[in-house]
Amino acid sequence: MFTRYTVALAALLLVGAAPASYAADKPTDPQIAHIAYTAGVLDIEAAKQAIKKSKNKEVVDFAKDMERDHEAVNKQALDLVKKLKVKPEDNATSQALTKAAKEERAKLAKLKGAAFDKAYIENEVAYHKQVNGALETLLIPSASNAELKSLLETGLKIFQGHEQHAEHVAGMLK
Amino acid sequence: MKAGVPDRPVRLAILTLASIAIAMPAAAAATIQVTIDKLVFSPASVDAKVGDTIEWVNKDVFAHTATVKGGWEVMIPPRKSASLTLKAAGAVDYFCRFHPNMKGHVDVAP
């Protein structure tokens with residue numbers, strides 16, 4: 001179920017695993033901004049699907065929390081790139097993330113009721129876990145602008161909170 | 001010494017007692033501020049008394065809660081404050097329901 005996300009994020013992490021001599025593989029600030037923003041947008045889209053499809057109050061509440069928080073983070077990100085005059089730059093990682101999310105949404109669209117709830121929440125746990133891994137090991141260490149780094153660090157704390165929140169909801173669905 | 005007018009030390013003592021009497025109700029109902037900034041409750045742990053109010057000042061653009069498992073919950077909207085008057089003594093751990101990695105503690109004395 002999570003294979004595609006995992007592959008996309010493994011690709012993301014691979015960039016970080018490259019030897020330091022391949023400096024060109026390290027994402028630039030415009031690319032980092034794009035990846036972080038895209039990761040947020042994808043989770044908002046997943047949340048919107050859950051709000052529409054789920055009948056479970058816990059799941060819908062969780063999805064609304066995701067939508068609200070990620071919109072707030074992304075608004076801050078947009079304000080920051082504007083202030084820094086950085087133009088977010090599309091890149092292979094953003095594209096892989098988008099492709100994987102699209103496939104996951106198509107899969108979830110076919111599910112109903114408890115099966116949908118379970119698949120959505122489990123994917124939220126996996127997704128946040130992997131984005132957090134990417135933030136910690138690649139995006140934050142690669143960011144050169146201090147304000148961008150600081151925003152990513154706040155983002156990491158938010159997403160770690162979401163991961164725990166998702167795990168809690170997953171536990172309640174069992 | 002004339003009767004009816006207390007001498008200086010006695011007047012001082014009366015004044016001191018009066019000021020204690022004024023100060024006491026204020027001390028019995030203090031407001032304790034806890035700031036939330038970048039998903040951190042600060043100070044993380046506070047000492048309070050029954051009747052005191054805790055005011056959470058949220059500097060984040062995110063909504064948070066201060067939630068005690070099986071107990072009270074306070075919603076703290078983005079860039080807003082929210083308060084709770086403590087009604088029961090005891091030590092309580094609280095967390096943010098939206099971001100359970102945010103943790104705080106209150107020691108409430110009777």
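A:Glu58, A:Val59, A:Phe62, A:Asp65, A:Met66, A:Asp69, A:Val73, A:Gln76, A:Ala77, A:Leu80 and A:Leu84 in H3(A) meet A:Glu147, A:Leu148, A:Leu151, A:Gly155, A:Ile158, A:His162, A:His165, A:Ala166, A:Val169 and A:Met172 in H6(A). The residues of this contact divide into 13 nonpolar, 4 polar and 4 charged. Here, Ala, Val, Leu, Ile, Met, Phe, Trp, Tyr, Cys and Pro count as nonpolar, Asp, Glu, Lys and Arg as charged, and the others, Gly among them, as polar. Two residues are in contact if their C-beta atoms, placed from the backbone, lie within 7 Å.

A word on the model and its labels: this is a predicted model, in which local features need pLDDT of at least 70 and side-chain atom pairs count only at pLDDT 80 or more, while totals for chains, interfaces and linings use all residues. Residues are numbered from 1 along each chain as its sequence is written, and chains are lettered from A and ligands numbered from 1 in the order in which they are written. Helices (H or I, at least four residues) and strands (E, at least two) are DSSP runs, numbered from the N terminus.

How do the two helices lie? The axes of H3(A) and H6(A) come within 11 Å and cross at roughly 175°, so H3(A) is roughly antiparallel to H6(A) (an angle over 145 degrees). Axes are lines fitted to C-alpha atoms, for helices over the stretch in contact, and angles run from 0 to 180 degrees between N-to-C directions.

The two chains also meet: 13 residues of chain A are in contact with 11 residues of chain B. On the chain A side, helix H3 (57-84) and helix H6 (146-173) each supply at least two residues, and H6(A) gives the most, with 8 residues. That side divides into 2 nonpolar, 7 polar and 4 charged residues.

Next comes the largest nonpolar core, with 53 residues, of which A:Ile32, A:Ala36, A:Val59, A:Leu139 and A:Leu152 touch the most other members. Such a core is a set of buried Ala, Val, Leu, Ile, Met, Phe, Trp, Tyr and Cys residues joined through C-beta atoms within 7 Å; buried asks for 20 or more other C-beta atoms within 10 Å, exposed for 12 or fewer, and partly exposed lies in between. Elements giving two or more residues to this core include H3 and H6 of chain A and E1 and strand E4 (53-58) of chain B.

In chain B, 4 strands form an open sheet in the order E2-E1-E4-E7, with mixed pairing. Its edge strands are E2 (40-42) and E7 (81-85), each pairing on one side only. Two strands pair if DSSP finds at least two bridges between them.

| Strand pair | Bridges | Sense |
|---|---|---|
| E1(B) and E2(B) | 3 bridges | antiparallel |
| E1(B) and E4(B) | 6 bridges | parallel |
| E4(B) and E7(B) | 5 bridges | antiparallel |

B:Val34 stands opposite B:Trp56 in E4(B), and B:Trp56 belongs to the covered face of E4(B) along with B:Ile54 and B:Asn58. B:Glu55, on the uncovered face, stands opposite B:Ser83 in E7(B).

Finally, B:Asp107 is found in strand E9 (residues 103-109) of chain B.

How values were computed: Parallel < 35°, antiparallel > 145°, perpendicular 65-115°, else oblique.
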